[in-house]
Amino acid sequence: MESNCVQFLGNKTILITGAPGFLAKVLVEKILRLQPNVKKIYLLLRAADTKAAMQRLRSEVVEIDLFKVLRNDLGEENLNDLVRENIVPVPGDISIHNLGVKDSDLLQRMWSEIDIIINIAATTNFDERYDIGLGINTFGALNVLKFAKKCVNGQLLLHVSTAYVCRENSGLFLEKPFTMGQTLSGDTKLDINVEFELMKQKLKELQHQDCSEQEISQSMKDLGMTRAKLHGWPNTYVFTKAMGEMLMGKYRENLPLVIVRPTMITSTLAEPFPGWIEGLRTIDSVIVAYGKGRLKCFLADPNTVLDLIPADMVVNAMIATATAHSGESGIQTIYHVGSSFQNPVTFGQLHETTARYFTKKPLVARNGSPIIVTKGTLLSTMGQFSLYITLRYKLPLLILRLMNIIYPWGQGDKYNDDSRKIKLAMRLVELYQPYLLFKGIFDDLNTERLRRRRQSIKELDGSFEFDPKSINWDDYMANTHIPGLITHVLKQ
């Protein structure tokens, strides 16, 4: 690594996609706070025009709590000046040719000025519509690559993927790139163009059948899950992300390509302040449901390692990888950014910490009374969970249905409402099952080597920490992450 990260960012022009998403905002804030002499940040946002893109930049990025440290340090006026001078909001969409940038003059400026391209844009819904998943996660990634190859000063393309592009079985997963057409099922051949044509044909058939938007959406979701499982992936999200990696690796030519694969991203550990988070992410839905007293049972093996990593550590690793590999012609390097290898935490540990927290500091119900939580029941196999649901909920529901037949004027709405809730719960469990019972560990040899290289040049301010061994999980969950959820998501 020829220079430290702060020096590297100085006088650079960077394109960042995926704003105003969670990780992209943490990255933008970090760059502005640590290196205000960055030359320019082109920020790609979905918007109708430049005015709308600027409005999104203001309301969904700069004006949120994440930027309060910068706002306090610089003052409102100086922060606005810094943003105005350094950030160019660009209306666009990675699923479209040239990233959907319509202004030809702006396109030429971007191609002539950009040094580093960081692609964070993605749809992360596990059961996303297949057409949308392919458009953004697969061919959107290829569009970003094509755009990057037109940047005359292009020194690096950094693509954020996910560690869960691996299959859901147990074992040690290495930082290895995919080869084009690689499949995880072992008995099928993956052709990405065939997948695209299958999707287009199915969509055309549905439209010709005059299906409703809801029917089309559900059919597209079902198709994505079917194709993913056929080729060995558990859901549409990780399947389309894996295909995006394949296309980038195949067509990168001499452009340096770094693929960062984070695990489950959680709230900030330290920067710009501890506990900032936006929305319910991965395991957070479980934590909040438990705190609200709604989680009486759950499918999870207490010994399952949950690979969690704070958002600021992911951003630090991203900047460090860019610093390390910028300008290295023809390279492709994979980095796992997680904790399971260096500092694992189990679901059982998380359950104990969460139970202690909400027992001591219960959430408050709408009527003002504290919500009392119980330890709950953990079921470590899908068979046990299905049996529990059947005995605890489905049999009473069948009795309710029988009562509704005998006395149709009484319980119809309750039966239909409860039935919908059970179906929704089972679908969510099926979607999350591969991760709740996951037995894999993510090797991070490349990331550990990078940490050692960073230490060898002695970053003076210590502000690019991404070593998970420094995390005390009980302290982090109880004093940073859960309070962050309550403050920034639940607004209590």
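Which residue in β3 does L44 stand opposite? In this predicted model, the position facing L44 is V90 of β3. The strand β2, spanning residues 40-45, runs parallel to β3 and is joined to it by five bridges. Helix α5, formed by residues 76-86, packs on the sheet and touches both β2 and β3. The direction of α5 makes an angle of about 60° with that of β3.

The pairing of β2 with β3 belongs to an open sheet of seven strands, arranged in the order β3-β2-β1-β4-β5-β7-β12 with parallel pairing. At the edges of this sheet lie β3 (87-91) and β12 (332-337), each of which pairs on one side only. From one strand to the next, the twist averages 15°.

A helix-helix contact was also identified. The axes of α11 (residues 284-291) and α13 (residues 347-360) come within 10 Å and cross at roughly 35°, and the crossing is right-handed. On the α11 side the contact is made by V286, I287, Y290 and G291, while α13 contributes F347, H351, T354, A355 and F358. Of the residues in this contact, six are nonpolar and three are polar, with no charged residue present.

Regarding confidence, the mean pLDDT of the protein is 90, and 90% of its residues reach 70 or more. Over residues 407-411, by contrast, the pLDDT is below 50, and this stretch has two contacts in the model beyond near neighbours in sequence. Where pLDDT is low, predicted coordinates should not be read in detail.

Methods: Residues are numbered from 1 along each chain as its sequence is written. This is a predicted model: local features need pLDDT of at least 70, side-chain atom pairs count only at pLDDT 80 or more; totals for chains, interfaces and linings use all residues. Side-chain values use heavy atoms; hydrogens and water are left out. Axes are lines fitted to C-alpha atoms, for helices over the stretch in contact, and angles run from 0 to 180 degrees between N-to-C directions. Helices (H or I, at least four residues) and strands (E, at least two) are DSSP runs, numbered from the N terminus. A crossing is left-handed if the near helix is turned anticlockwise from the far one by less than a right angle, and right-handed if clockwise. Contact means heavy atoms within 4.5 Å. Ala, Val, Leu, Ile, Met, Phe, Trp, Tyr, Cys and Pro count as nonpolar, Asp, Glu, Lys and Arg as charged, and the others, Gly among them, as polar. pLDDT is the predictor's confidence in each residue, from 0 to 100. Two strands pair if DSSP finds at least two bridges between them.
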